[in-house]
Amino acid sequence: MELDERKLKILQAIIRTYLDTGEPVGSRTISKYSDLNLSSATIRNEMSDLEEMGYIIQPHTSAGRIPSDKGYRLYVDTMLDAKTSEVENLREELEEKAGKIDDVLKQVAKVLAANTNYATMVSGPRYQTKRVKFIQITTVDEENLLAVIVLDNNVVKNQMIHIEDTIEEEMIVKLNFILNTTLNGLDVLDMNLAVIQKIKEQVGAHTQVIDSVLEVIGKTLVEEDDLEVYTSGATNILKYPELSDKAKAAEIINAFEEKQIVHNWLGLPDKDNKADNETHDIQVYIGNETHMDSMKDCSMVTATYKIQEGVYGKIGIVGPKRMDYDKVVGTLNSLMGQLDDIFKEKK
């Protein structure tokens, strides 16, 4: 007997429904809550075939069906293959786009420095949210598992998990299934106690593994993004007498090389209390408003570019307090419109 596309869809519907409810699944439920557009009678016939093939079982007479280990295995292998392919395609797409975007941002820094005669900083894109894309737990040996977590910004986290007792392969399959179906697409910030409790209720005695996976995911909240930063025109600072003092100029120029300074710059508060990662509003910081000692004698004008929803970066122009604000703001406004057009073409 062949497992055709219709049987596979019914099996997937049974497993998804059973995972959500924990109750045996009947044909009427499948016909009501799936998009198969099949009658209950047809679904019953297909379920009988699936049972005969060993993919589902009937725990009690007159009860619905639940997945067998064989059914879980087929479902998870199919799902993981699809997810693996999706992640690989995403990686290739992001790498291709990243190369083009990097070239654009480097050119932006150079053009701004040349046109304004000030120093410029352009951050690479960062992600406003972090969503779980894919989770894979595999057995390394009798005492260790390897958890691989892929986020939607293509960041990959690996974690070795030490276990006291050997976990059967079928349970590993079930853990992968539960984690992926519950967490896939979920923002890391939305992983609340209710979500965690739902997972733990389904894994029984293996909560230690779940705790280890969630710990890795949680760490991504406090880790800084390893951002690329493109700078140009730092030596333009020397053109302005009030900034050309050797020690003062060196301090400003060195700030362009300091990662922490750049992170401080990216985290500057919006002076108008707006979410400036969601708008192009130009922000002007004068002297101590930059909250950076090295920039206390400078002004900084910033703008935010957005590649797509939740993916953004910043552009900053640094010069003396007497900088030509009209020219800088006008140049940035013009540039932001051009970047919008460029990034739309790259989507």
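Asp141, Glu142, Glu143, Glu164 and Asp165 gather on the surface in a patch of negative charge. A patch of this kind is made of residues with over 30% relative accessible area and no salt bridge, with like charges joined within 9 Å. Asp and Glu count as negative and Lys and Arg as positive, while His and the chain ends are not counted. The place of a charge is taken as CG of Asp, CD of Glu, NZ of Lys or CZ of Arg.

Before I continue, a word on the source. This is a predicted model, in which local features need pLDDT of at least 70 and side-chain atom pairs count only at pLDDT 80 or more, whereas totals for chains, interfaces and linings use all residues. Residues are numbered from 1 along each chain as its sequence is written, and side-chain values use heavy atoms, with hydrogens and water left out.

Glu142 sits in the loop between strand E5 (132–141) and strand E6 (144–151). Is Glu142 buried or exposed? Glu142 counts as exposed because its relative accessibility is 61%; the term exposed means over 50% relative accessible area, buried means under 20%, and partly exposed lies in between, with a 1.4 Å probe and protein chains only.

I turn now to the chain as a whole. The chain has ten helices and eleven strands. Helices (H or I, at least four residues) and strands (E, at least two) are DSSP runs, numbered from the N terminus. Of its 347 residues, 44% count as buried. The accessible surface comes to about 17800 Å², and 46% of that belongs to carbon and sulfur atoms; the areas come from the Shrake-Rupley method with a 1.4 Å probe. Among contacts (heavy atoms within 4.5 Å) with a separation of 6 or more, 63% are accounted for by residues 24 or more positions apart.

The next topic is salt bridges. Side chains of opposite charge can pair when their charged atoms come close. Here a salt bridge is a side-chain nitrogen of Lys or Arg within 4 Å of a carboxyl oxygen of Asp or Glu. How many salt bridges does this rule give? The count comes to nine.

One of them joins Arg65 and Glu51, whose closest N and O atoms are 3.0 Å apart. This pair links distant parts of the chain, 14 residues apart: Arg65 is in the loop between strand E1 (56–57) and strand E2 (66–67), and Glu51 is in helix H3 (residues 40–52). Arg65 is buried, with a relative accessible area of 15%, whereas Glu51 is partly exposed at 29%.

In another salt bridge, between Glu169 and Arg73, the closest N and O atoms are 3.6 Å apart. Glu169 lies in helix H5 (residues 169–183) and Arg73 in helix H4, so this pair ties together parts that are 96 residues apart in sequence. Glu169 is partly exposed at 41% relative accessibility, and Arg73 is partly exposed at 25%.

Asp211 also forms a salt bridge with Lys200, at 2.8 Å between the closest N and O atoms. Asp211 belongs to helix H7 (residues 207–222) and Lys200 to helix H6 (residues 193–203), eleven residues apart. Salt bridges also link Asp4, Arg6, Lys7, Glu46 and Asp49 in a network.

Finally, consider Asn117, in the loop between helix H4 (69–116) and strand E3 (119–123). Its phi is near 65 degrees, a positive value in a residue other than glycine. Asn117 is partly exposed, with a relative accessible area of 34%.

Terms used: Patches are made of residues with over 30% relative accessible area and no salt bridge: like charges are joined within 9 Å, nonpolar side chains (Val, Leu, Ile, Met, Phe, Trp, Tyr) within 5 Å.
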